[in-house]
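Here's a quick briefing to read with the model open. Have a look at the fold first, then work through the points below.

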Amino acid sequence: MTRSADVVIIGGGVTGASIAFHLARRGVRDVLVLERKFIGAGGTGRSVGIIRQLYPTPETTRMVRRSLDVYQRFDEAVGGSSGYVGCGALIAVSAAMRPRLEQTLARQRALGIRAQLLEPADAVRIEPRIDVATLGAVLYEPESGYADPSAVTAGYAAAARRLGVTIEQGTEVTGIEQGGGQVEGVRTAGGEVIHAPIVVNAAGLWSPAVARLAGIDLPIVVGRHPVFIVERDPGFGPPHLVYLDLAGGSYVRPETGGLTLTGSLTDDEAQHPMDPELLGSQVGFEEATDVLERTSRALPRLSEARYRQGYAGAFDITPDWMPILDESPLGGFWIAAGMSGHGFKLAPAVGEMMAALISGATPPVSAAPFRFGRFATTATAAGTFVSSYLR
Ligand SMILES: Cc1cc2nc3c(=O)[nH]c(=O)nc-3n(C[C@H](O)[C@H](O)[C@H](O)COP(=O)(O)OP(=O)(O)OC[C@H]3O[C@@H](n4cnc5c(N)ncnc54)[C@H](O)[C@@H]3O)c2cc1C
């Protein structure tokens, strides 16, 4: 049996769903999303969903601002709920990082970001439970917070379907058809060939494997990022804000039911490659102890919290911790991957930009910094997770 589509998108995570929605909204008719498991089954379904706005470049600043606007009015813009909670975020830096934070903030303010630089002693007026003793400065982003990655993906998928997109779950792509330097379609695990002049690799943690089907090596490492869930003690008081401690290397974000999600901000993911099939598996005691110690130093009141569970997450990491949003050397085979642990907060803008690029239009934000070939030609090879905040 053979079928055809105008565009096949491989992967039904937040990236693939957002691209499908934006392509359909641009009037691209026959869009087919193929998802090997179910919508949101990959990194998206394990995401902590934090939305912070501190970004080091004009393009990423514009992307996060556009995306936050969508999350704040998701029902109107897409349909359904994004689960956005604008609890505010505090981002702590060391004294050595402070000058970079001041410069970045000045640039970001000019691009519409509302954030305030606080002396550490003043930050406790916003969140009295953080330990500011060793901090150099704290950035306060009142509109930041978190949203629900599974709900957002389901919202994009439903809206895409209403616009005529077909989404097939339980369909794994196992081959990329090509001829004369152009992509010609995909082959599925069921042996079906689906002809398409455009194929988008939005397979997240599996994007390197999908690219290899086309004979393409992506400069992406799948690196381990475990997440831990603790239950705040009954006397903790109102939920804390999102707190990203770049100085001490940990983050916390509140969850309903008195829970807190926490993880590491120490830039070591790329040194711990992980098989993406281990996503969601149990974490080791040592991993948990190490991160929870850092969390307790950042927010000492959390040392009373009860450990509930942890799970293995992973990031698809490029050398500069920024995504690849570009056509690959195989004509018609596009890459939207390498989200490097921050692809949820950017997904609305990524969808808009990819849909424009694929349609031959000018994207709303320049995609020049996200070119496929940049690692071969520029000195962008030495990024860290923290460099996706500040450079
Ligand atoms: C633990 C964790 C915490 C995170 N925290 C944050 C955060 O706080 N804020 C933030 O902005 N971002 C965060 N991220 C990152 C963000 O969630 C991801 O960048 C984003 O969800 C990636 O979405 P995606 O659609 O690109 O990839 P994925 O969600 O991985 O989706 C790819 C999909 O492709 C499918 N697939 C794979 N191979 C095939 C195939 N051969 N055929 C068909 N389908 C296939 C998979 O089943 C999967 O559903 C976090 C990620 C993790 C894992």
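Before the helix pairs, one thing on how axes are handled: they are lines fitted to C-alpha atoms, for helices over the stretch in contact, and angles run from 0 to 180 degrees between N-to-C directions. Keep in mind that this is a predicted model.

**Helix H3 against H10**

- Helix H3 (residues 58-72) and H10 have axes that come within 7 Å and cross at roughly 110°.
- Angles of 65 to 115 degrees count as roughly perpendicular, so that is the label for H3 and H10.
- On the H3 side, the residues in the contact are Met63, Arg66, Ser67, Val70 and Tyr71; H10 brings Ala347, Pro348, Ala349, Val350, Glu352 and Met353.
- Sorted by class, the H3 and H10 contact has eight nonpolar residues, one polar and two charged.

**Helix H1 against H10**

- H10 also meets H1: their axes come within 8 Å, with a crossing of roughly 50°.
- That angle makes H1 and H10 oblique to each other, and their crossing is right-handed.
- From H1, the contact uses Val14, Thr15, Ser18, Ile19, His22 and Leu23. From H10, it uses Ala347, Pro348, Val350, Gly351, Glu352, Met354, Ala355, Ile358 and Ser359.
- The class tally for H1 with H10 is nine nonpolar, five polar and one charged.

**Helix H1 against H7**

- Helix H1 (residues 14-25) packs on helix H7 (residues 149-162) at about 30°, and the axes are 8 Å apart.
- Angles under 35 degrees count as roughly parallel, so H1 and H7 get that description.
- Here the crossing is left-handed.
- Val14, Ala17, Ser18, Ala20, Phe21 and His22 of H1 touch Val152, Thr153, Tyr156, Ala157, Ala159 and Ala160 of H7.
- In this H1 and H7 contact, nine residues are nonpolar, three are polar and none are charged.

**Domains**

- The chain is split into domain 1 (2-47 + 150-219 + 320-388) and domain 2 (85-143 + 221-317).
- The centres of domain 1 and domain 2, taken over C-alpha atoms, are 29 Å apart.
- Where the two meet, 20 residues of domain 1 are in contact with 16 residues of domain 2.

- As background, most residues other than glycine have a negative phi.
- Is tryptophan 321 buried or exposed? Its relative accessible area is 2%, and under 20% means buried, so tryptophan 321 is buried.
- Serine 340 also has a positive phi, near 55°. Look for serine 340 in the loop between strand S20 (333-337) and helix H10 (347-359).
- Serine 340 has 0% relative accessibility, so it counts as buried.

- Valine 165 lies in the loop between H7 and strand S9 (166-169). With 5% relative accessibility, valine 165 counts as buried.
- Leaving aside neighbours within four places in sequence, valine 165 is in contact with Ala20, Ala24, Val31, Val33 and Ala160.
- Valine 165 and leucine 330 are 165 residues apart along the chain, and 24 Å separates their C-alpha atoms.
- Serine 366 is in the loop between H10 and helix H11 (374-377), and at 37% relative accessibility serine 366 counts as partly exposed.
- With neighbours within four places in sequence left out, serine 366 is in contact with Glu59 and Met353.
- Serine 366 and proline 58 are 308 residues apart along the chain, with C-alpha atoms separated by 9.4 Å.
- Proline 329 belongs to the loop between S19 and S20. At 62% relative accessibility, proline 329 counts as exposed.
- What does proline 329 contact, leaving aside neighbours within four places in sequence? The residues are Gly181, Ile216 and Phe372.
- Proline 329 and glycine 16 are 313 residues apart in sequence, and 20 Å apart in space from C-alpha to C-alpha.

Conventions: Residues numbered from 1 in each chain as written. Predicted model: local features only at pLDDT ≥ 70, side-chain atom pairs only at ≥ 80, totals over all residues. Heavy atoms only, no water. Buried < 20%, exposed > 50% of the residue type's maximum accessible area, 1.4 Å probe, protein only. Helix = DSSP H or I, 4+ residues; strand = E, 2+ residues; numbered from the N terminus. Parallel < 35°, antiparallel > 145°, perpendicular 65-115°, else oblique. Left-handed = near helix turned anticlockwise from the far one by under 90°. Contact = heavy atoms within 4.5 Å. Nonpolar A, V, L, I, M, F, W, Y, C, P; charged D, E, K, R; others polar. Domains from an automatic or database assignment.
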